[in-house]
Amino acid sequence: MPVISLAGELTENGHRLVQRVYYEDTDFSGVVYHARYLHFMERARTDYLRLLGVEQASLAIEGDTEGLMFVVHRMEIDFKSPARMDDILTIETTTEKAGGAKMVLQQEIRRAGTLLIAAKVIIAVINGQGRPRRLPEALATKFLARQKLPA
């Protein structure tokens with residue numbers, strides 16, 4: 001029996017997570033409520049970090065000026081087509097940039113290869129006091145190793 005990871009899998013270009021759409025994800029019309037896509041994408045980003053060996057809880061030491069946290073600074077989302085209950089969605093996350101005090105990630109949600117959602121997520125890197133800090137080089141290297149190269 002194959003080993004299935006609840007955290008998805010690392011790919012050559014980033015990370016892939018498969019999720020089912022449940023009743024709780026839909027609105028009265030039976031399609032996925034627009035805000036639920038944010039949940040799917042957050043899970044994928046968190047699992048991407050997890051599989052890269054980054055434990056967010058150990059990075060963020062409250063009140064520590066050298067603590068490290070990731071916060072969404074900006075998000076651009078294109079809603080292409082709706083998902084429905086029981087659909088199997090694939091959430092793919094790729095690194096566009098990792099360095100300085102930010103990371104830029106591209107995320108796509110697909111159903112059977114059909115693009116439903118395309119998002120650009122800008123992540124700010126902050127310390128325990130909420131001030132910008134540089135992404136440590138070792139972490140930047142982990143993200144950039146999975147960077148999607150231009151076609």
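How many helices and strands make up the secondary structure of the protein chain? The answer is three helices and six strands, where helices (H or I, at least four residues) and strands (E, at least two) are DSSP runs numbered from the N terminus. Along the sequence they follow the pattern β-β-α-α-β-β-β-β-α.

Before going on, a note on what you are looking at. This is a predicted model, in which local features need pLDDT of at least 70 and side-chain atom pairs count only at pLDDT 80 or more, while totals for chains, interfaces and linings use all residues. Residues are numbered from 1 along each chain as its sequence is written, and side-chain values use heavy atoms, with hydrogens and water left out.

Overall dimensions next. The C-alpha trace of the protein chain spans about 45 × 35 × 35 Å along its principal axes. The radius of gyration is 16 Å, which agrees with the value near 15 Å that a compact globule of 151 residues would have. That radius is taken over C-alpha atoms, and the globule rule is 2.2 Å times the number of residues to the power 0.38.

Of the 151 residues, 38% count as buried. Buried here means under 20% relative accessible area, exposed means over 50%, and partly exposed is in between, with a 1.4 Å probe and protein chains only. The chain exposes about 8,900 Å², and carbon and sulfur atoms supply 53% of that; the areas come from the Shrake-Rupley method with a 1.4 Å probe, and for residues only the protein chains shown count as cover.

On contacts, meaning heavy atoms within 4.5 Å: among those between residues at least 6 apart in sequence, 68% join residues at least 24 apart.

On charge, there are 20 positive and 19 negative side chains, and the centres of the two sets lie 4 Å apart. Lys and Arg count as positive and Asp and Glu as negative, with His and the chain ends not counted. The charge is placed at NZ of Lys, CZ of Arg, CG of Asp or CD of Glu.

Now the interior. In soluble globular proteins, nonpolar side chains tend to be buried together. A nonpolar core, as used here, is a set of buried Ala, Val, Leu, Ile, Met, Phe, Trp, Tyr and Cys residues joined through side-chain atoms within 4.5 Å. Which residues touch the most other members of the largest core? They are F70, M103, L135 and F143, out of 16 residues. Helix α1 (36-51), strands β5 (102-111) and β6 (114-126), and helix α3 (137-144) each supply at least two residues of this core. Apart from it lies another core, of 14 residues, among them F40, I109, L116 and I117.

Take M103 as one entry point. Leaving aside neighbours within four places in sequence, M103 is in contact with F70, K97, A98, V121, I122, I123, L135 and F143.

V104 lies in strand β5 and is buried, with a relative accessible area of 4%. Beyond four places in sequence, V104 touches T94, T95, E96, K97, K120, V121 and I122. V104 and V121 are 17 residues apart along the chain, and their C-alpha atoms are separated by 5.7 Å.

I77, in strand β3, is partly exposed at 27% relative accessibility. With residues up to four places away not counted, I77 touches L38, M41, I117, A118 and A119. From I77 to V121 the C-alpha distance is 8.6 Å, across 44 residues of sequence.

Outside four places in sequence, R36 is in contact with E24, D25 and R43.

Last, the loops. Most residues other than glycine have a negative phi. D86 has a positive phi, near 75°. D86 lies in the loop between β3 (69-79) and β4 (88-99) and is partly exposed, at 48%. A112 also is not a glycine and has a positive phi, of about 50°. A112 sits in the loop between β5 and β6 and counts as exposed, at 80% relative accessibility.

In the loop between β6 and α3 is G130, partly exposed at 44%. G130 and G67 are 63 residues apart in sequence, with 9.3 Å between their C-alpha atoms.
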